[in-house]
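Let's take a walk through this structure together, starting with its strands and moving on to its aromatic rings.

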Amino acid sequence: MPESFLLKYISEPDQADLETYLSRGGYAGLRRALSIAPEAVIDEVDKSGLRGRGGAGFPTGRKWRFIPKDPAITRYLVVNADEGEPGTFKDRTLMEGDPHQLIEGIIISSYAIGARHAFIYLRREFSTARDALTGAIAQARSAGYLGRNILRSGYDLEIVLATGAGAYMAGEETALLESLEGRRAMPRLKPPFYPAVKGLYMQPTAVNNVETLCHVTWIFAKGYQWYKAQGTPILISVSGHVARPGVYEVPLATTIRKVIELAGGVRGGRKFKACFPGGSSSAILPEAYLDTPMDYDALPKVDVPGTMLGSAALIVMDETACMVEIIGRTVEFYRDESCGKCTPCREGTVWLGQVFHRMLHGQGRTEDLDLLSGIAKGMTGTCFCPLGESVPPSLNASLRFFRHEYEHHIRTGRCDVREKYAA
Amino acid sequence: MSEQPTVTLTIDGKALSAHKGTTVYQAATRAGIEIPIFCYHDRMPPLGACRMCLVKVEKQPKLQTSCTLEAADGMVVYTDTPEVKAGQEAILEFLLINHPLDCPICDKGGECPLQDQTYKFGPGRSRFVEAKRDFAKPVSLGPALVLDRERCILCWRCVRFGEIIAGDDALKGFERGFSSEINTPFTLPVQSKFIGNTIAICPVGALTAKSYRFISRPWDNRPVQSTCTLCGVGCAVEFDVRGERITRTRAREHPAVNDIWLCDLGFFGHAFVDHTDRLRRPLMRREGGFVETTWDEALSQIASRLGRTSGPRVAMLGGARLTNEDAYVATRFFRAVVGTPHLDHRVDARPQSPDLAVSWGMGTAIADLALADCVVLIGCDITETYPVLWLRMKQATERGATIIAVTPKALEIQRFVRWQFLHRSGQGGAVMLALADAVRGTAPREAPQGIDRTALAAAAKALGSASRPVVMIGRTALDAPDGWQMLAASGEMCRKTGTELNVMRGKGNAFGATAAGLLPDVAPGGRALADAASELRQAWGSLTTEAGMTAPEILDAAVAGGLDVLFVIGADLANDVPDRERWRAARARLPFLVVQDAFLTETAQMADVVLPALVAAEKDGTVTSIEGRVQRVRAAVSGPGDARGDWAILAALAARLGKTIAYSGWEEIFNEMRGLIPGLGIDERLPVRHPPLGKPSEPERPASAAGGFPLILIPGEALFDRGVLTSRSPTIADLAGEPWAMLHPDDAGTIDAADGEPVVITSARGSVAVRARISPVVLPGHVFLPRGYDAAPVNTLIDVNEPVTFVQVRALAPAAPS
């Protein structure tokens, strides 16, 4: 396994300090980027093969090419630092431990698209990250990496650090823009409001994830050939029933089994039961799928609809987990985080939550199994945005792989898993 | 106009062509294919929230919302496949799980899109066995609006109406997801002049009108198509009538006037029609009080009094509340039967002001306001006077139009006003001169103190480069101490920019009264009296074609003892005239006063004979709007007691006087009018005739404050007030609240007045008690006092011989120490 680099200095206590960052080669990539044309910067990102790490996995260079080149048009870069997908904590780790790595990536990327203002939309709860970023931005500014005429290149950039108000929905890029503009975080209609065309304040906007921009920093620090030679690294947040939860940097397409091994295996020698491979929005997978590579293309190809790499948050569940309880809890999360804009998400999640509540309190009915899949069907393909569409896949997968657990709850009004492991 | 590109698509096997840019929903609807829908409203851009309008599109894996999907060439769409049906049923089932299904007691039942679409597209059963959502209900959102939260399906139409159509952000969404609720910002009462529209577009019974709750079922209402006469915009309305009562007023679509909207005065301001205070029998003064009498006796008494005087010693005032036909017959009655030229509907005009020198009305078409690229509002508070016109201007601002306002009080729409020139009383003329200069390209002369010259230059530049400018002057400018100067500068500005001056003046059917000849110096149709004389003689017999006295001159004549009889028709002089003292003096010297009205107004209380008249909602005929548009009014109800239509009263009186005024109905009068008034026709526009305007003169110096009266009074308009009619329309009276005046915080501080606390405003003439509103929308040293509150009449403070009214304001109870 190649050496990790995104996380290389993350645990060094002084990495947030500009001097230290510089002594470890920081801002060299920026110097190089500013010495070539913006178009050449985009070319290099293209060649690196970098894909967005926010969840959708869209090629970053291609996204930037949608931004119009006309210098008369105001363009913005918006950094999606509203990391909210359950089980995901890689961006927070990057921002807290190595804020300059992100800031350097922001400057390079803003230069590439010709933005004079970049906005970091930071999740409000991340106060440590906020302090780290605030300090790093101030340092970078006074050292001439931000502000007017950066490194005498003639390029100007200001970074605005904004915080959200605690909505998972704001992680969706158009809802994020609404929130950044001061409104309710509700997704915009696409078309016409593709951020690259009509984004922040109706201006062309590139919305990029924190990790994505940190990759950009390394692509310019070491060159795209070097970067590609690393085997397309990706950060995976591993949580749940593993021995050593944490952020792991692995080459793309490492199997789920391998990642679990890296995290010390299932804790306490228990048996693996299921996992969310890409945050709670990806369908759960049982043991039979452990050898699936964690990669953008392989996961959606397995025969479990709705599974995906997503934000690369691997949530591991061992045999002590009651799947009815797990899915019920997941449904409640989406119910509480639904923005309320569209009917199926707003009403469907509530209804599902009520059925799960009943089932988990000994009031399940046989017809509830059909009802659950019926509600899920009504939500599939009908929701305005991916939030509501995220609920049916895991529910359906659980009904397929763990139907007996539901049936036991319904039949007995009790939880066999809980009773078995209660002691 | 260039040919719009079209696309060809297939919906349910039907090949259709549609303009590029239309949505699949629109294309289907135009082809008569029904797709159920809730959140989409055709006056607003698509939202895609309710997910009801799902369709299947070939080559698309998922169902698509047809309201957001642009029709494309070769697209093959299905609206009724099993997959689509399943999608629609799923959405309806979701919508209904928490909808109370209290249709039998819901005002919307019977005209409810959710109910209708559930019948047509719904699953017919529900799998929902859980407890439904429950809320404390209903929630009052102000004087007009009630919210039943559990009925709300969160379509966002009402919220978007406030954002997109009215620009008042009256309603917003609060909380998240399933807990989302519609409410007002800061949970204050709704701040809107258009909230009735949200009730109209609510697809369920979540938003209902306080005035209509549990009053009627839709199928018990008989709709009567008519025209609103409360302000002058002439919005098309439908009165819903149940038995002999108007249960509610709704907007009727009129593309050239109100589109599909109304203001809240229009929605809720017709309740006075069946108020118990309506006059039902004629009244006669006997031994100091009134007694009810018969028409026979009342008319005999008037006829006998008229028989003892000569024509020129009789005068008539009022008429803006009449129909065109009433006004025309009144003109005929006074000129041909009584033989007096002293008739004028402009009872609220200030003597010697340019009010009397200009023709009231708009040359610009209402619909064209939306196309304006620059709107100049000169002493014209558009939302307080002609609110629905603002909705057109709002559309213009969406297209990038610039609004410039020259007013002594910042407009409510100031968020959309690019340049607000807030001026001191008496300085508006100087601002206008500077602005007109700058438009002319000459360097602006010195701008008045407090007015930014750079802003003036920038505003002038925007105006100068506008290709479709609209200029409006309102009463506040015309009645200002420097009104002549404002008018002249406005005229000059219009000449420079090649546009016409819209005189935003006259309520109700003032335009129709003008057109019908209720003026001392012109014949019907605005023609010179001498020119029309022979035609009029042919139609009416002998008549006087002299020029008579204007409304202020009639009062002067009465004060001087020059009148024997005064008729007041559909006007409350005591409150309408600019100077109440003059009216009192006039009444004191008047031997005989006849008042023809629907209520015992303050003026009627001083009358010798009071004749009960019908109101517009009880009449058939026509009225004319501020843009000169002639529209039908239809009798929705028949009126109380023995009340009669105005023209019929005058015709009966003519008979007593031995003259014949005989018409079979309004149609016959209208046809006769068509012969005398060029261009008169239903839904046609009559032109505004502009007399030549004067040249700008140097600014007058404002009068200086008299001892003890340090503040300047700015009389103005409020849409919601408490006058004869509005105080008897409960919703409007509630919206208006108690009389109020606006003070600058500095002045409020000086006198220790707190917001909402009572203050007394005193001038050399009199005093009124009002509640203070404290806001920097007026400049220090000024007090804004709205007209229209009969309990605090502005005209008790005003002496029309003084150009400026100085007042003092005292806090009635000193503010509690904080």
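Two strands count as paired if DSSP finds at least two bridges between them. Strands (E, at least two residues) and helices (H or I, at least four) are DSSP runs, numbered from the N terminus. This is a predicted model, in which local features need pLDDT of at least 70, side-chain atom pairs count only at pLDDT 80 or more, and totals for chains, interfaces and linings use all residues. Residues are numbered from 1 along each chain as its sequence is written, chains are lettered from A and ligands numbered from 1 in the order in which they are written, and side-chain values use heavy atoms, leaving out hydrogens and water.

Begin at strand β25 of chain B, residues 609-612. Strand β14(B), residues 283-286, pairs with β25(B) in the antiparallel sense over 2 bridges, and here M284(B) stands opposite V609(B). Strand β24(B), residues 592-597, pairs with β25(B) in the parallel sense over 4 bridges, with Q596(B) opposite L611(B). In a regular strand the side chains alternate between the two faces of the sheet. In β25(B), V609(B) and L611(B) on one side and V610(B) and P612(B) on the other are all buried (under 20% relative accessible area, with exposed over 50% and partly exposed in between; 1.4 Å probe, protein chains only).

Now for the rings: the structure holds 29 aromatic pairs over all chains. Rings of Phe, Tyr and Trp (its six-membered ring) pair if their centres lie within 6.5 Å; planes under 30 degrees apart count as stacked, over 60 as edge-to-face and the rest as tilted. One of these pairs, F334(B) with F567(B), is edge-to-face, at 5.1 Å centre to centre and 70° between the planes. The pair links helix α8(B) to strand β23(B), 233 residues apart, and both F334(B) and F567(B) are buried.
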